Amino acid sequence: PAATSTSTSTSTSTTIQPPPKIYQNQTLEQILNSLSQNLESHTTSYLAQARRIAEQDAILRDSQRSISSLTHQVSKLLIQHEDLDLRLNQIDDLYSNTDVVLEGLEKQVDLLFEHCMGAGTGTGMGMGMGSAVDDGDMEREHYYNIAMEVDGRLNR
């Protein structure tokens, strides 16, 4: 008895559905032509979309290559920038050291100049000779100080 009820329930579920209303009044040839036309129009739109996608893919690939190239160039520039910073720091250190050495030399020249000035007046050298040397040294020192002031103004 259980087997018979199963077979009856299966037979009721396999009933054939009527065709959609669009196709009810058409012949088989008309239905096939309609489906073929729909397939053709869908195929052409699919191919058009595939072409657009292929073009966009090509643009994306070119953009990716450009971005990759730019990234490579930027990394090179960053390395060069770091190298340049290092060299500029080295130059700044040398410049600072040169300033320190020059200041020391200026002090030594000033001390020598003061020593010569003091010794030149009391040694009893000829009056004309001692004063001419002293005047030349004084004038040289004066122009040197003016040059240092101008240099300081220009560096600002």
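Asp-83 is partly exposed, with a relative accessible area of 35%. Partly exposed here means between the buried limit, under 20% relative accessible area, and the exposed limit, over 50% (1.4 Å probe, protein chains only). The model is predicted, so local features need pLDDT of at least 70, side-chain atom pairs count only at pLDDT 80 or more, and totals for chains, interfaces and linings use all residues. Residues are numbered from 1 along each chain as its sequence is written, and side-chain values use heavy atoms, with hydrogens and water left out.

Asp-83 has a charged partner. Its salt bridge is with Arg-87, and the closest N and O atoms are 3.3 Å apart. A salt bridge is a side-chain nitrogen of Lys or Arg within 4 Å of a carboxyl oxygen of Asp or Glu. Both Asp-83 and Arg-87 sit in helix H3, four residues apart, or about one turn of the helix. Side chains of opposite charge can pair when their charged atoms come close.

The whole structure holds two salt bridges. Asp-62 and Arg-65 form one of them, at 2.8 Å from N to O. These two residues also belong to helix H3; they are three residues apart, so about one helical turn separates them. Asp-62 is partly exposed at 41% relative accessible area. Arg-65 counts as exposed, at 53%.

Now take the chain as a whole. It has four helices and zero strands, in the order α-α-α-α along the sequence. Helices (H or I, at least four residues) and strands (E, at least two) are DSSP runs, numbered from the N terminus. Of the 156 residues, 3% are buried. The accessible surface comes to about 13900 Å², and carbon and sulfur atoms account for 61% of it. These areas come from the Shrake-Rupley method with a 1.4 Å probe; for residues, only the protein chains shown count as cover.

H3 supplies the largest share, five residues. Among the lining residues are Tyr-95, Asp-99, Tyr-144 and Met-148. By class, the lining has four nonpolar, one polar and four charged residues. A pocket is an open set of points on a 1 Å grid over the protein atoms alone, where a 1.4 Å probe fits, with protein on both sides within 12 Å along at least five of seven lines; lining residues have an atom within 4 Å of a point.

Terms used. Nonpolar A, V, L, I, M, F, W, Y, C, P; charged D, E, K, R; others polar.
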